[in-house]
Amino acid sequence: MSKQRSAFMTNRLAEATRATWRSPFATLSTAVLAGAMLCSPAYAQLAGAIKGSVAFEEAGTSPAGVKVTATSSKMPKARTAVTDESGSYSLPMLVPGEYLLTFEAADGTVRTASTEVRLEQTTRVDMVLDSTLDASEMEEVFVTGRIVNLESNSSLSNSIGADMVDGVPVGQDYRDLMKLIPGVQYTQETVRGPSAGASGQDNVYNFDGVDVGLPGYGVLSSEPATHDVEQMAVQRGGANAINFNRAGGVSVNTTSKSGSNEFAGSVQYKFQTPSMVGETRNGVKSETTRSWLTANVSGPLIEDQLFFYGSFYRPYAELDNKDTAYGPVKSYSSDRHEYYGKLTYAPIEDILLNASYRTSDKKIEGNSIGFYEPDSVSAGSETSMDILNLDGTWIIDGNTTLSVAYSDYDNDGGTTADTQLSVQPVLGGSLDIDNIHEMGYVNVPSYRDEDTPEDIAYNDFIRPYVEQYGFINEDGERQGGGGVGAYFQNEVVNYHRKTFTAKLDHTLTWGDATHELHAGYKYTEGGEILDRNANGWGSISIIGGRSTTDDGVPVYFQTRTPSSAFNSSGNVLDTYTKEHNIEFNDLITYGDFMINVGVLLSQDTLYGQGLKEDSSSPVGFIESPGTNYEMYNVPFSKMIQPRLGITWQYAGEGTVFANYAAYNPAASSLARAASWDRNRTQLLQEVRFDADGNYIESEPQGSSSGKFFVKGMDPRKIDEFTLGTTREVTDELSIRAHLRYREGSNFWEDVPNDARLSDDAPQHIQDKGLYLPELPDLIDGVGSGSSYVIATLDEAYTKYYEGSIEAEWNGDRFHVNASYVYSRYRGNFDQDNSSGANDQAIYIGSSNIADGVGRQTWDNRDGILRGDRPHQFKTYGYYKTDWNANIGAYLIYQSGQPWEAWDAEAFGLPSWYSSTSRYAEKAGSNRSKSHWQLDLNYTQNFEVYKGTMVNFRADLFNVFDRQTGYNINPYVSSSTFGEPRNYFASRRLQLSLGVNF
């Protein structure tokens, strides 16, 4: 039972929320059991809920018929409920925010209580009424309900409000919010997500309920920011079958700010000059100036019915580029404009509608110029993001609610060479070697030591090109090693996702048990449209006769040109996935027990490009460039994801809980990676020429032709078991501790069809034979196909163990969250460690893993995975001072990053062979240094006019300048083997000035 808090106040919400002192009179007459955030994702449609019960001090007085009214500045209309015979009431589908509850009994007894509703959480407020007291006095009694952020249920969830987002040093980007999640590693990678008991590509990120992760890759779009975030809800594990949670890692949702009956707004300008950024470990000083301008306005369009909220955001960065070895170059700039509008409409009390639209345009100029390159090779990029979101809730009756939502997400981007070349390459055509800088991006060759006749001949051949295109070194001589011409390609990549959801919730009482029944359906179609083409011949190398064809013909020039440059049938690759999800859930409350029983059923269908159905073909398909086809279907019967949980509440102040959940992560890159047209549109052609620029031959490099799937595969799966306890120590202090185990299995990868037959494979693996014995017949039937297939890797697995304790103190001025997590992450399949440059959107299902000798699951891969962080301590919070200021802090300590040596020669391969992802020792044999850092912020507010505030803010990140190295270079052949390739950012200061009105 929560301790009782009360004060004599008026029942105006604005004044009521300031109540901080106790009254013996109110304590004797009222009691609030406020704070247990119960498991209630039934209200996860960008909403929360309030539940509770009402009782009377007088024995024998029926608690039925008490009217409970919830009012908030966030809700256009008040919500009401009437208690049933047991005194229970429910107020579902509430916009997150501060609420005033009014309890009115038939005899005129009135009580009020304030509380907070959190996103995807249910706040419990129980009230005891005393009808013997004078009714007029009752109107003056105010009870403050406290909220416990660690909910009494079998899930691992957290809810973080705007006060915390604003009160601590976070950052401007959506991904910066991840640092606040207990148990989730702190990372400065800019593309991949943090490891949270699974791959960083298994996380799901929602903004206003809209998935803003890139379809097919599971990484977070770089565009979302934090300026509109009102609240954040996080589910790390223990999911039930509500809200369609298939995240193998962490599932994050945020809700944006909204309007109210009062006109309000704010403007803030934040900046960071080069002098406010510390030097790197190598003594490099920042020369980039950054600024962030945000503005918003909100208010009523129709009082008590229609609210609006609008915002503008402009992050800007500029760098005055110095001269390169080739002379002056254009300056770098990044300029983005984002507009957001939201309407909240309540035509009647029981219906609430939201409509929002976000549009963002970002332009980068003067990018990609290296020190040994001229201005002509620069490239620019433009990215736009548009998100339409419509959702509505209808409270059909006191026990039944319906919610629906539709979203349309587009993230379109492209890179364009600033210098566009007019030459159109033709396979079999010649290369204009007298004007080679107009043919593509030219790698200027360097002289060889003249020790052999071959070196002398080579130097004689390249000398005219070095003299014409080389840069002048310190000795005033022309030198090779740079690059001239123009950026090598133009590219457009558009991501899109449309989603529709419908949810029905119903509460019923059956005997002594209450059932909260939920049913939901979700349809999603998301994919990628890629259009990539060469700028001229692409990348050009001057070989000078040092290389020959298989027939012994000397090669003097060589280009790497996208095949799309020679393709007359179109270059666009359009692939997508359709998902159907159905869920059923029953949350049963029986005495001190809550039992959750649910199941999520999913069906995924991959659609590739490049084939079409043809009955005349023995395999039913023939090649058809540009045609979409159903590539692979995973039926409902193979994606049955049970969700079972039980919670026992003891002594009214603590719980013990257990949960089992299965997840089939939705993200997969195979629709694109296994398409037949991937070869046609993305394959690089290595084109070779003689000394006069005449065509000799061409040979495909990289990429692959279409891949066949092994039939009947079970999809990737994560099984999870959780055991834990929560305790509300006081009104202010709550703690939670838990143990968790996750196991991943059924990992799909593209793999050589005969990989099992390798001599170094375990005998029991060899005995299984080919993955797809009929592959030659399939290739013959279609007319083409890869020697690789999509298969479930034998015995591939991951295991994650976690023990955690976290606490939250929520006082009137002081709010702090602290957590310590011990974890181990082991296995032989590491999605986070499959590339030399891992901070990128890596194919899921078609990575370097299992690609030939040295990359199989039995090749030293069984060990510690890249996301393993045995120890992590994290604490953050803020304090509101007497002088109208806010002081915030964030402290993190975590173990270093595992790594191992990579070396192709360890597997008997030649030295020129790629060592990428070929482990020369057991996975995770080494570890980088542990990292800790402290971030601080201070905000001072001044009231310059009634209702108008001016604030000055300073955010200081990495106060002690802990530039810990990570991303260790694993290549044994490299001169920097074992050294960090990245460091945590140096100390940096951001200052801002804002006005709120």
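The model is predicted, so I kept local features only at pLDDT of at least 70 and side-chain atom pairs at pLDDT 80 or more, while totals for chains, interfaces and linings use all residues. Numbering runs from 1 along each chain as its sequence is written, and side-chain values use heavy atoms, with hydrogens and water left out.

Cores. I took a core as buried Ala, Val, Leu, Ile, Met, Phe, Trp, Tyr and Cys joined through side-chain atoms within 4.5 Å; buried is under 20% relative accessible area, exposed over 50%, partly exposed in between (1.4 Å probe, protein chains only). The largest one has 73 residues, and Ile 181 and Trp 748 are among those touching the most other members. Strand β33 (residues 621–634) gives the most to this core, four residues; strands are DSSP E runs of at least two, numbered from the N terminus. Apart from it I found another core of 23 residues, including Ile 50 and Leu 91.

Rings. I paired Phe, Tyr and Trp (its six-membered ring) with centres within 6.5 Å, calling planes under 30 degrees apart stacked, over 60 edge-to-face and the rest tilted. That gave me 41 aromatic pairs. Phe 263 and Phe 308 are tilted, at 6.4 Å and 55°, and sit 45 residues apart in the chain. Phe 263 is exposed at 59%, whereas Phe 308 is buried at 18%.

I also looked up Tyr 741 and Tyr 801, a tilted pair at 5.2 Å and 45°. Tyr 741 is in strand β40 and Tyr 801 in strand β43.
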